Amino acid sequence: MRQKPCATLAVSLARCTPVRRTARPFAHWRNTAGGACNGRRTTLDTFPIRSPPMIAALAFAIALAAAPTAPDVVFQKLAAPDGAQLPIEVGVWRPTDTAPGQNRRLIVMSHGTGGDFRGHEDTARALAQAGFVVASLTHTGDNWRDHSRAADVAERPRQLHVLVDYMLKDWDGHAALDPGRVGAFGFSSGGFTVLAAAGGEPDLSRMTEHCRDHPGFYDCRLVSAGFQPPSLPSRWVHDPRIKAVVAAAPALGFTFDREGLASVRQPVQLWRAGHDQILPSPFYAEAVRGALPRPPEYHVVEGARHFDFLAPCGERLAAAAPEICAPTPGFDRAAFHETFNREVVRFFKNKL
């Protein structure tokens, strides 16, 4: 059947980056619910489909721009074994005084498509400064070096589960962690990842109707671009150790209904960009909000676009990746991240 390939492909949208192109305009879309664009007709011709090498080039620019670690935070880069698969690249931020028996809370992070473990480094540092240990993985097969498995949505929550296993059992500082207090943070495709890992069961067959009704949406244009996904999983890998979730601009939100999120009873902090040009309202974060069995802590960031959830850009990154770093008119990304990081820290402190 054609439905399954169509369903799986949408996950590739999360970190594909917009760039202006005028040669072939795409369809227009209208937010009939009056959400992100207040019902105004908005063009998508500035957001063409990117090939994997182009995605990788932009994400590589992000990889070059890692900010310095705070003096009270220790950083280490390591590789977590993944059975017969390639080891998973991991970045870990922790307080300098981490020692066995401290019962530190663990936060695992999942990036968007085509990125790596450094995509939310400022948030990871803020959490580490607040006393958390943060482990952010680079998704194997869906990163700036290798885009070959970006459509394999089931791999993402499975890899996150492997990361939790590694940090609690094999990481050299695991004796300082409290296995009963694990949180998960994800952006875009990473937002979908943490919801699935926390117990969500998406119905990817919903992609067929979604793309029939909204062929100009970014995820549906990826389907039309011909990405070839693997077969769908027989089951989704969940991790009951995840006790709290932060999902920012989650991809594929419409694939979750009430039954699909019935098992996600953990506290959830949910974020939406008010002018998200990649995941337009009301089909993504709003769909998750309506399907969760417990009302989430919900934040709408007025004036923000999709990539404003990424760490603020330094001069080097801004020059290399203007599509990601170009300032959103009337919106201060750096000021927003001060609030965003503070709210994420507060949430995990209160819920873990």
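Tutor: In this predicted model, the cover over the buried residues of helix α3 includes the strands β3 (73–82), β4 (85–95), β5 (104–110), β6 (133–138) and β7 (177–187), together with helix α11. The residues of α3 that are buried are E121, D122, T123, A124, R125, A126, L127 and A128. Because 8 of the 9 residues of α3 are buried, this helix is largely enclosed by the rest of the structure.

Helix α3 spans residues 121–129 and α11 spans residues 333–351; the two pack at an angle of about 45°, and their axes lie 9 Å apart. Helix α3 is therefore oblique to α11. The crossing in which α3 passes α11 is right-handed. On the α3 side, the contact is made by D122, T123, A126 and L127, while α11 contributes H337, F340, N341, V344, V345 and F348. Just after α3, G131 adopts a positive phi of about 105°.

A remark on confidence is in order. The protein chain has a mean pLDDT of 82, with 77% of its residues at 70 or more. Residues 1–60, however, have pLDDT below 50, and this stretch has 161 contacts in the model beyond near neighbours in sequence.

Methods. Residues are numbered from 1 along each chain as its sequence is written. This is a predicted model: local features need pLDDT of at least 70, side-chain atom pairs count only at pLDDT 80 or more; totals for chains, interfaces and linings use all residues. Side-chain values use heavy atoms; hydrogens and water are left out. pLDDT is the predictor's confidence in each residue, from 0 to 100. Contact means heavy atoms within 4.5 Å. Axes are lines fitted to C-alpha atoms, for helices over the stretch in contact, and angles run from 0 to 180 degrees between N-to-C directions. Helices (H or I, at least four residues) and strands (E, at least two) are DSSP runs, numbered from the N terminus. Angles under 35 degrees count as roughly parallel, over 145 as roughly antiparallel, 65 to 115 as roughly perpendicular and the rest as oblique. A crossing is left-handed if the near helix is turned anticlockwise from the far one by less than a right angle, and right-handed if clockwise. Buried means under 20% relative accessible area, exposed over 50%, partly exposed in between (1.4 Å probe, protein chains only).
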